[in-house]
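My notes follow the order in which I checked them.

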Amino acid sequence: MNTDEFLSWVRAHESAHDAWGEFVTREICDAVRIEIGSERFNGFFKVLPCHRVKTIKSLSKKLSKKSYAEPQLQMTDLVGTRFVVLLRTDIPVVEKAICSTTAWTVRKDRNPTDERLNAPLEFGYQSVHFILTNTYDRTLNGVTVPAQSACEVQVRTVIQHAYAELGHDRIYKEDGAVPKTVHRLVAQCMALMETTDEIFCRAVAELDDVNRSRRQWADDLDSRYRDARPNFMPSVVDELSTELLDTFKHLTIEAKLSDVTTVPSARMSKIVARATLENLFGKPVVLLVYWLVKHHNDEVSRSWPIASLRSDLQLIQADLGISS
């Protein structure tokens, strides 16, 4: 198939490629929504996912640079779609959505992780590329999409997207010679961007660990507290408990859950009798405060972060026979 024949073939199949790209984009979005839930899905993609069909002008330019024996099969980006996420650690969510769908076969065409390992001193274009191939003739939007129709899927972070938009695309598509100084400047940008992404990922990982630890304590304390107060309705955002858990996080490392939540019935009755919406006894975290006072009273008294609840702390100290 010569160039003119191929371009005629592309024109004849433009609507099929468009339908295939739209289908791929929608299926991946639906799979991601199911995986992470609707709340997180809203805002998960930092650029609205949309497909695009390669133009005849772009195809002609690419054909002039590369030779294809069977361009209708070898040129796998006749239609493509792109997904832009915040951080590198979000990319596996999209990869899972792509690979868990049976509507196509999957081939990973580019993998920045492997490229970094193979060329650790180079800093360049980074984006995960998949080639998704239609498994059988199917009708989409009233159009027949032939089997073996391909769609290129790019998955990248916001930082990688910025690099591609400002650097890679301009250089790759430049007709004239690009000065070496420009290549160097763009490589420096990518090195800085990669470092920034790495720092962000580490920061998010540490934050997730803090939140996970805080959430675990909150859930376990809530479960024990409900045993005594079945009608207790926890606050979605409990700032008081969060502040106490953060202040004394270093002390809870040595705490055993069973020790904290094993509370004598007489003490539990006092807690329930004193409980109000505003005071410490109306919060499950009060169980942890009893343990903290028993084992670290001096530090708890010295570092107590909520002045308005100091009287509640003193009641707990009195219950335990400890002088405030």
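This is a predicted model: local features need pLDDT of at least 70, side-chain atom pairs count only at pLDDT 80 or more; totals for chains, interfaces and linings use all residues.

Helices are DSSP runs of H or I with at least four residues, numbered from the N terminus.

Residues are numbered from 1 along each chain as its sequence is written, and side-chain values use heavy atoms, without hydrogens and water.

I then listed the contact residues, where contact means heavy atoms within 4.5 Å. From α14 they are Val 286, Val 289, Tyr 290, Val 293, Asn 297, Val 300 and Ser 301, and from α15 Arg 310, Leu 313, Ile 316, Gln 317 and Asp 319. By class I recorded 7 nonpolar, 3 polar and 2 charged residues for the contact of α14 with α15. Nonpolar covers Ala, Val, Leu, Ile, Met, Phe, Trp, Tyr, Cys and Pro; charged covers Asp, Glu, Lys and Arg; the others, Gly among them, are polar.

Next I asked which residues have the most contacts inside the largest nonpolar core. They are Leu 244, Leu 280, Val 286, Leu 288 and Trp 304, in a core of 32 residues. Such a core is a set of buried Ala, Val, Leu, Ile, Met, Phe, Trp, Tyr and Cys residues joined through side-chain atoms within 4.5 Å. Buried means under 20% relative accessible area, with a 1.4 Å probe and protein chains only. At least two residues each come from α9 (180-228), α10 (239-247), α13 (265-274), α14 and α15. The largest share, 9 residues, is from α14.

For Leu 244, neighbours within four places in sequence aside, I found contacts with Leu 280, Val 285, Val 289, Trp 304, Pro 305 and Ile 306.

Last I checked Asp 312, which sits in helix α15. Is Asp 312 buried or exposed? Asp 312 is buried, at a relative accessible area of 7%. Not counting residues up to four places away in sequence, Asp 312 touches Asn 279, Leu 280 and Phe 281. Its C-alpha atom is separated by 9.6 Å from that of Arg 274, 38 residues apart along the chain.

Terms used. Buried means under 20% relative accessible area, exposed over 50%, partly exposed in between (1.4 Å probe, protein chains only).
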